[in-house]
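Colleague: I would like to learn how to read a few features of a model, one after another. Could you take each general idea before the particular case?

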Amino acid sequence: MAPSLTRLDETTIAEIAAGEVISRPARVVSELLDNALDAGASRIDVAVDGDGTERIRVEDDGHGLSREDATLAVERHTTSKLPADASDALTAVSTLGFRGEALAAICDCATVELVTNDGDAVGTKLRVEDGEATVSDAARGQGTTITVTDLFADRPARRESLAGPAAEFGRISDRVAAYALARPEVRFSLGHDGTTTFTTTGNGPRDALLGVYDADLARQATVVEHATDIDTAEGTGSLDLRGILAYPSVTRASREHVRVAVDGRPVADSGLRRAVIDGYDSLLAGDDYPVAAIDVRPPADAVDPNVHPAKQAVGLRYREAIEAAVETAVGDALATADARRTEAAATDLTTELDSVDRSDPFADLRVIGSFRELYLLCEDDDQLLVVDQHAAHERVNYERLQAAVGDDAVPTATLEPPESVSVSPAAASLAEAHADLLDSLGFGIEAFGGGTLRVSAVPAPFGRTADAAALRATLDGIAADETPDDPRDALLAELACQPSLKAGDSLSTDDAERLLDRLGECEQPFACPHGRPTVCSIDEATLAAGFDRGSTRFD
Ligand code: ADP
Ligand code: MG
């Protein structure tokens with residue numbers, strides 16, 4: 001049964017964060033989606049014509065409204081989501097809406113037709129045009145359809161400020177995608193000018209990612225569900241985090257593909273977004289951003305939804321602790337996820353990638369050969385794993401080097417006499433700027449100047465001694481990458497690369513097994529320090545499908 005509507009009292013109204021509610025078509029869509037989700041919809045269909053001012057229609061299968069409530073709903077400050085005297089309860093709302101002003105605001109600047117049924121034999125059609133409401137019977141099953149036409153028809157300035165159909169629809173599409181990812185248990189569809197743009201199935205985050213992006217990306221992602229405690233005023237409170245993280249091998253050039261929701265409400269929160277990106281940490285190269293969608297559920301007293309007129313931000317108490325918890329959860333999820341990339345051809349999307357026991361991800365693996373002196377082939381139950389030996393060795397070296405630098409224990413080899421290395425001007429100034437760092441990495445550099453470095457010691461971290469030329473390659477590599485975010489990390493990654501196995505280095509089976517043992521001990525075994533994958537897997541079913549075998553066994 002639908003809860004019935006009341007009008008908020010003046011004290012409560014005064015508490016509400018005021019501001020313009022409807023500034024562009026995407027805002028109409030957000031408000032209507034909030035309402036559909038608050039009505040408990042399991043399916044929401046959005047249709048848009050042109051830039052959205054022509055027509056926006058949102059249809060849901062939620063609880064619907066009685067005729068009496070429908071007429072109240074379009075008035076200002078009427079809501080079913082708060083008691084009339086709710087001024088104390090504003091921070092405790094669990095619904096997306098709570099101010100009772102969205103429908104009224106939309107009716108102010110558009111023509112609205114609301115067709116709804118709360119389970120009665122006959123539904124209600126309410127049409128609001130130029131402030132006049134007309135009510136009639138309507139045939140409709142339970143749920144609500146709201147159609148908004150002629151948005152801003154009598155506000156030419158507002159219309160002028162819109163960015164054109166492609167850009168406005170782009171914003172709408174981004175909004176619907178954000179909701180679809182924040183509420184992966186709800187089926188969403190979005191259509192534009194009669195064509196379906198995307199749909200999701202309501203079957204969880206991987207399917208939502210598949211709908212919003214594509215099958216390839218959905219396959220290369222790990223689902224995260226994590227509960228943790230944070231310190232609060234009452235002692236501790238629980239923070240839940242759910243969502244999906246694309247592997248670091250999937251990147252985008254902007255941070256927009258990192259989507260964050262708080263209590264199921266999509267928000268533009270740069271702090272939480274940064275925490276997710278930081279969780280990917282060294283797995284991403286310089287300017288790359290990940291694709292991720294998470295929903296954070298902080299302790300109840302931590303969230304204030306009433307800070308932004310368009311509800312696009314929430315106030316967060318304990319922000320620092322929440323951001324730290326998000327960063328850790330993302331980092332852990334990526335480290336424990338089976339970030340092996342699965343061969344693209346014939347993967348069953350419904351099977352989740354198993355997470356790997358951290359203690360020995362490659363324990364049951366048998367090396368069966370090598371391909372082109374670069375890839376190790378290994379059998380792991382019903383999977384054929386292909387390991388890039390260079391990428392794997394780089395990861396191992398990188399983590400060892402990190403540990404050695406942390407312990408001030410990088411072994412070095414003295415060059416007698418010192419060697420002169422000529423480098424580009426950019427590399428020379430980089431070396432000078434990071435002299436301490438180079439020193440801590442085991443390079444002894446006596447003089448910088450004139451594009452020449454006098455090198456008296458080099459690191460000898462892994463049995464192989466880096467030669468002075470490796471320093472040039474390392475510095476040039478980093479200098480070419482313009483300004484790395486974290487020069488220290490970039491140096492470590494480059495340095496790890498120098499003594500790593502190359503294509504053409506053939507390995508004995510014993511060496512290959514040792515490499516995999518070391519890789520298994522790494523904190524992040526599935527990506528090299530530059531963010532490329534170390535392991536791909538092809539499951540037996542893929543091979544069976546390729547050979548037209550009905551089954552994967554011999555029966
Ligand atoms: P709020 O969501 O803040 O309560 P709105 O103006 O958005 O304010 O909506 C007013 C009321 O109309 C809601 O409280 C709800 O009871 C009702 N309503 C709006 N849209 C729907 C819908 N799609 N399904 C059911 N009820 C709805
Ligand atoms: Mg609302």
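Colleague: To begin with charged pairs, how many salt bridges does the structure hold?

Modeller: Before counting, note that this is a predicted model, in which local features need pLDDT of at least 70 and side-chain atom pairs count only at pLDDT 80 or more, whereas totals for chains, interfaces and linings use all residues. Residues are numbered from 1 along each chain as its sequence is written, chains are lettered from A and ligands numbered from 1 in the order in which they are written, and side-chain values use heavy atoms, with hydrogens and water left out. The general idea is that side chains of opposite charge can pair when their charged atoms come close. A salt bridge here is a side-chain nitrogen of Lys or Arg within 4 Å of a carboxyl oxygen of Asp or Glu, and the structure holds 23 of them.

Colleague: Which side chain does K125 meet in a salt bridge?

Modeller: K125 meets E113, with 4.0 Å from N to O. K125 lies in strand β6 (residues 123-129) and E113 in strand β5 (residues 111-117), so the pair ties together parts that are 12 residues apart in sequence. Helices (H or I, at least four residues) and strands (E, at least two) are DSSP runs, numbered from the N terminus. The pair also belongs to a network of salt bridges that links E113, K125, R127 and E129.

Colleague: Are K125 and E113 buried, exposed or partly exposed?

Modeller: Buried means under 20% relative accessible area, exposed over 50%, and partly exposed in between, with a 1.4 Å probe and protein chains only. By that reading K125 is partly exposed at 30%, and E113 is partly exposed at 21%.

Colleague: With which residue does D301 form a salt bridge?

Modeller: D301 pairs with R317, and their closest N and O atoms are 3.1 Å apart. D301 lies in the loop between β15 (292-297) and β16 (303-304), and R317 in the loop between β17 (315-316) and α10 (319-336), so this pair ties together parts that are 16 residues apart in sequence. D301 counts as partly exposed at 28% relative accessibility, and R317 counts as partly exposed at 41%.

Colleague: Which residues come nearest to ligand 1?

Modeller: A residue is near a molecule if one of its heavy atoms lies within 4 Å of it. Of the 19 residues around ligand 1, D60, T79, S80, K81 and G100 come nearest.
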